[in-house]
Amino acid sequence: MGVHARAARRAPRAAMIAAAGLTLAVIAGTVLAGVSDAAEPSPGASPAAAAPASPPPPPGGEGGTNRAVDVPSGALVTGTPCTSSARACVDLDARLAWLIDKGSVVRGPVSIMPGDPQDPTPRGTFHVQWKAEQYTSREYLTQMPYSVFFADGGIAFHEGPQDTYSGGCVKLTHDNAVAWFNFLQVGDQVQVR
């Protein structure tokens, strides 16, 4: 096998390794999904601008892999299991979540409903990938209002009933889902413990 053929075979693997850079993950997910004209909202975009009329599918697609893309840093934020580099913190065991700004809790703890053992919410450190004020899950055919996608496979914070498990997402009450949607911006760190 020639040098160019080996390099071509390694290119996808190198791209996956480089996917820790959020941009490559978003581009790869968009291309794989067959949506070539989707634009990601900028980190400073308003909620209206952050919710495209026809949102692209989540990077990695629903049911894809869930991998952490960053490392937490800073001191632990008082009352949470997360560090000061997080903008959103989730404690799956306690079923609680917080919003954090500059190392201080600005909302929370609030109750959440995570995924069940068959579709668990992934643990790790992630980044907000994109947002959609109105979104319908292509896998479960359910409404996911105020979605803030943070992990591959369509994993998001979103509004949802608190008496049933999610398909791996973090479900919030209406008021909390709106708060998470308005507060979190693309690129913000999410820590799930």
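Helices (H or I, at least four residues) and strands (E, at least two) are DSSP runs, numbered from the N terminus.

**Figure 1. Overview of the predicted chain.** The chain has four helices and nine strands, in the order α-α-α-β-β-β-β-β-β-β-β-α-β from the N terminus. This is a predicted model, in which local features need pLDDT of at least 70 and side-chain atom pairs count only at pLDDT 80 or more, while totals for chains, interfaces and linings use all residues. Residues are numbered from 1 along each chain as its sequence is written, and side-chain values use heavy atoms, with hydrogens and water left out. Of the 193 residues, 42% count as buried (under 20% relative accessible area; exposed is over 50%, partly exposed in between; 1.4 Å probe, protein chains only).

Figure 2. Where pLDDT is low, the predicted coordinates should not be read in detail. The chain as a whole averages a pLDDT of 76, and 64% of the residues score at least 70.

**Figure 3. The salt-bridge network of Arg 87, Asp 101 and Asp 188**. A salt bridge is a side-chain nitrogen of Lys or Arg within 4 Å of a carboxyl oxygen of Asp or Glu. Asp 101 pairs with Arg 87, with the closest N and O atoms 2.6 Å apart. This pair links strand β2 (residues 96–101) to the loop between α3 (47–50) and β1 (88–91). Asp 101 is partly exposed, at 29% relative accessible area. Arg 87 also forms a salt bridge with Asp 188 (3.4 Å, N to O); these two residues are 101 residues apart, Asp 188 being in the loop between α4 (174–183) and β9 (189–192). Asp 188 is buried, at 14% relative accessibility.

**Figure 4. The salt bridge between Asp 93 and Arg 123**. The N to O distance is 3.0 Å. Asp 93 is in the loop between β1 and β2, and Arg 123 in the loop between β3 (104–111) and β4 (124–127). Asp 93 is exposed at 64% relative accessibility, whereas Arg 123 is partly exposed at 47%.

Figure 5. Lys 171 is buried and has no salt bridge; Asp 163, the nearest side chain of opposite charge, is 5.8 Å away (Lys and Arg count as positive, Asp and Glu as negative; His and the chain ends are not counted). A polar atom of the Lys 171 side chain lies 2.7 Å from the backbone oxygen of Thr 164. Beyond four places in sequence, the contacts of Lys 171 include Ser 111, Ile 112, Met 113, His 158 and Tyr 165.

Notes. Polar contact = N/O pair within 3.5 Å; in protein donor to acceptor, adjacent residues only side chain to side chain. Contact = heavy atoms within 4.5 Å. pLDDT = per-residue confidence, 0-100.
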